[in-house]
Amino acid sequence: VGQLLRRFFRFYSQDFDFAREAVCVRQGKRSAPELALPLHIILHADGSTTDVAPSIEDPFDRKHNVSSSMSEYGLRRLKEELSRADRLCSASSTSLSELL
């Protein structure tokens with residue numbers, strides 16, 4: 001289970017392309033978001049910089065992107081925490097309490 005958790009954090013912090021891939025538990029594989037799933041473009045506070053929020057398909061409504069309310073701050077924190085968890089899981093002496 002520990003290895004699975006470590007690989008989960010590694011995948012989403014380093015390998016997953018937020019702009020070109022979707023999280024879809026229904027398909028269970030890497031793929032581009034379906035056309036019915038709207039992209040959520042985040043406009044930064046400067047008014048010109050943008051980011052693409054993760055495309056996370058709602059398994060009960062294929063046209064609903066679960067990340068549609070994510071903010072610039074929320075996206076930054078998500079990426080920071082995925083990276084932090086990856087670093088902690090890669091260290092041999094990390095305890096579960098440090099992860100949480």
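Predicted model: local features only at pLDDT ≥ 70, side-chain atom pairs only at ≥ 80, totals over all residues.

Colleague: What makes Cys 89 buried or exposed?

Modeller: Cys 89 has 9% relative accessibility. That is under 20%, so Cys 89 is buried.

Colleague: Which residues make up the largest nonpolar core?

Modeller: Eight residues in all: Phe 9, Phe 11, Tyr 12, Phe 16, Phe 18, Leu 82, Ala 85 and Cys 89. Helix 1 (2-15) and helix 2 (72-90) are the elements that give two or more residues to this core.

Colleague: Why is that set called a nonpolar core?

Modeller: Such a core is a set of buried residues of listed types, Phe, Tyr, Leu, Ala and Cys among them, joined through side-chain atoms within 4.5 Å. Cys 89 at 9% shows the burial part. In soluble globular proteins, nonpolar side chains tend to be buried together.

Colleague: What does Phe 16 touch, leaving aside its neighbours within four places in sequence?

Modeller: Phe 11, Glu 21, Ala 22, Val 23 and Arg 30.

Colleague: How do you know that strand 1 and strand 4 pair?

Modeller: Pairing takes at least two bridges. Strand 1 (residues 22-23) and strand 4 (residues 55-58) have two, in the parallel sense, so they pair. Ala 22 stands opposite Ser 55.

Colleague: What joins strand 4 to strand 5?

Modeller: Two bridges, and the strands run antiparallel. Two is enough for a pair, so the label stands. Asp 58 has Asp 61 as its bridge partner. A hairpin links strand 4 to strand 5 through two residues.

Colleague: Why is Ser 55 called buried?

Modeller: Ser 55 is at 0% relative accessibility, under the 20% cut-off, so it is buried. Its contacts beyond four places in sequence include Val 23, Pro 33, Leu 39 and Ser 67.

Colleague: How many cavities of 30 Å³ or more does the search find?

Modeller: One. The largest cavity has a volume of about 40 Å³. Its lining includes Ala 22, Cys 24, Leu 37 and Glu 57.

Technical notes
Residues numbered from 1 in each chain as written. Heavy atoms only, no water. Buried < 20%, exposed > 50% of the residue type's maximum accessible area, 1.4 Å probe, protein only. Helix = DSSP H or I, 4+ residues; strand = E, 2+ residues; numbered from the N terminus. Contact = heavy atoms within 4.5 Å. 1 Å grid on protein atoms, 1.4 Å probe; cavity = no way out; pocket = protein on both sides within 12 Å on 5 of 7 lines; lining within 4 Å. Points joined across faces, edges and corners; volume = space filled by probe spheres on them.
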